[in-house]
Amino acid sequence: MKLCLLYGGKSAEHEVSLQTAKAVIGALDKNKFDIYPIYVSKQGQWAEGSKITDTITDVAQLQLLNNNSNEGLSSTGEDQLSHKSTDMIPSSLQSGYDVVFPLLHGPNGEDGTIQGLLEVLNIPYVGNGVLASSAGMDKVTMKNLFAQAGLRQVKYVSYIRSAWEADRDTAYDEVEARFGYPCFVKPANLGSSVGISKCENREELVAAFEEAFRYDRKIIIEQGVTAREIEIGLLGNDEVSCSVAGEIVPKKAFYDYEAKYQDGSTELVIPADISEEQYAELREMAIAAYKELDCSGLARVDFFITEDGQVLINEVNTMPGFTPFSMFPLLWKHTGLPYAELIERLIDLGIERFEEKQKITHTF
């Protein structure tokens with residue numbers, strides 16, 4: 001099977017995507033798959049490499065030099081790539097692969113844009129479709145859908161940049177009146193804890209707004225709660241399977257970017273020490289959220305369990321990372337699905353969804 005791995009991207013999660021691609025390449029059985037890389041630089045340029053046959057030891061190898069390289073992977077840095085005229089999407093993407101595995105995180109990756117391109121090209125691809133990706137990427141839209149589905153969650157409020165700039169003090173006053181401190185300020189359309197701040201007072205809130213608006217025109221502010229952070233993995237299209245639950249025990253104020261991907265300073269407890277009743281509630285809410293967003297392929301659903309035992313849904317991640325520190329593959333490993341088999345299962349689900357769509361007939 002000719003498998004295209006699409007990775008990199010223009011978002012702040014570019015490096016996360018490279019780490020994910022490295023891990024996926026290492027897990028794939030090269031006797032089953034011919035693996036071809038397509039790299040998208042931070043400047044939005046596309047670069048196509050020849051078939052991967054060797055082990056990738058450094059993510060720098062994944063920064064491809066140019067579209068016509070016969071050398072395949074190059075360790076040449078980003079600066080040299082940025083001087084190449086590779087703005088066009090590789091023509092092989094239209095007809096050269098049996099299935100595409102988008103390993104792009106954040107905007108222009110897991111927000112429905114690349115999924116829309118692949119839909120237009122009518123190519124099988126792994127993971128969620130346009131609607132689930134876009135709704136899951138936008139935290140405000142996602143939480144509005146949770147509310148519509150009757151799923152319990154923390155209080156929240158959102159702002160767009162123009163409204164905040166027109167009357168900043170009113171925005172701060174509203175946050176303090178709605179739920180006060182502590183609270184979390186986040187870009188609405190970003191993941192991996194990029195641009196997120198925990199606030200304990202007005203001064204920190206002001207700085208957090210400014211930081212979050214560096215990454216998005218829309219932000220969300222959520223009430224802080226004292227709670228355990230529990231996550232569960234889901235696989236499937238119409239029929240959904242759930243992994244065991246896992247708990248994140250951060251050694252910092254919250255589970256930030258460095259804790260997730262760099263310093264490993266967070267303990268992941270799998271399976272989480274929760275009751276059967278709590279797991280049943282997590283599972284029910286996770287599947288409800290999965291179906292409300294019309295997810296397919298995979299998702300990681302994150303929850304809070306408060307000190308009094310209340311279960312609150314936090315968010316759905318439609319393209320969770322596959323790095324060595326990532327919770328999603330670890331959850332499935334402890335459920336009995338090893339990493340390599342997990343990747344193959346996701347590929348099968350992507351092809352299954354594609355074949356199902358081909359049954360649709362259009363009449364005019």
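A salt bridge here is a side-chain nitrogen of Lys or Arg within 4 Å of a carboxyl oxygen of Asp or Glu, and the structure holds 18 of them. The model is predicted, so local features need pLDDT of at least 70 and side-chain atom pairs count only at pLDDT 80 or more, while totals for chains, interfaces and linings use all residues. Residues are numbered from 1 along each chain as its sequence is written, and side-chain values use heavy atoms, with hydrogens and water left out.

One of these salt bridges pairs the side chains of R202 and D173, at 2.6 Å from N to O. R202 sits in helix 9 and D173 in helix 8, so the pair ties together parts that are 29 residues apart in sequence. Helices (H or I, at least four residues) and strands (E, at least two) are DSSP runs, numbered from the N terminus. As a general point, side chains of opposite charge can pair when their charged atoms come close.

Now for the two helices themselves. Helix 8 (residues 168-178) and helix 9 (residues 202-212) pack at an angle of about 120 degrees, with axes 11 Å apart. That makes helix 8 oblique to helix 9. The axes are lines fitted to C-alpha atoms, for helices over the stretch in contact, and angles run from 0 to 180 degrees between N-to-C directions. Angles under 35 degrees count as roughly parallel, over 145 as roughly antiparallel, 65 to 115 as roughly perpendicular and the rest as oblique. Helix 8 passes helix 9 in a right-handed crossing; a crossing gets that label if the near helix is turned clockwise from the far one by less than a right angle, and is left-handed if anticlockwise. On the helix 8 side, the contact (heavy atoms within 4.5 Å) is made by R168, D169, A171, Y172, D173, V175 and E176, and on the helix 9 side by R202, L205, V206, F209 and E210. Sorted by class, this contact has six nonpolar, no polar and six charged residues. For the classes, Ala, Val, Leu, Ile, Met, Phe, Trp, Tyr, Cys and Pro count as nonpolar, Asp, Glu, Lys and Arg as charged, and the others, Gly among them, as polar.

Both helices also lie against strands. Helix 8 lies across strand 5, strand 6 and strand 8, running at about 170 degrees to strand 5. Helix 9 lies across strand 5, strand 6, strand 7 and strand 8, and runs at about 15 degrees to strand 6. These four strands form an open antiparallel sheet in the order 5-8-6-7, where two strands pair if DSSP finds at least two bridges between them. Strand 5 (156-160) and strand 7 (197-199) are the edges, each pairing on one side only. Neighbouring strands in this sheet are turned by 25 degrees against each other on average, direction ignored. Inside the sheet, five bridges join strand 6 (residues 183-187) to strand 8 (residues 218-223), and K186 has I220 as its bridge partner in strand 8. The loop between helix 8 and strand 6 holds P182, and the peptide bond from Y181 to P182 is cis, with omega near 0 degrees.

A second open sheet has five strands in the order 11-10-9-12-13, again with antiparallel pairing. Its edges are strand 11 (266-269) and strand 13 (311-317), and the twist averages 30 degrees from one strand to the next. Ten bridges join strand 9 (residues 227-236) to strand 12 (residues 297-306); among the residues involved, E229 is partnered by F304 of strand 12. Helix 12 (residues 327-335) lies across strand 9, strand 10 (240-250), strand 11 and strand 12, at about 120 degrees to strand 10. Another cis peptide bond joins I270 and P271, with omega about -5 degrees, and P271 is in the loop between strand 11 and helix 11 (276-292).

Helix 1 (residues 14-27) and helix 13 (residues 339-357) pack at about 100 degrees, with axes 9 Å apart, which means helix 1 is roughly perpendicular to helix 13. Here A23, V24 and A27 of helix 1 meet Y339, A340 and I343 of helix 13, a contact with six nonpolar, no polar and no charged residues. The axes of helix 5 (130-137) and helix 6 (residues 139-148) come within 5 Å and cross at roughly 100 degrees.
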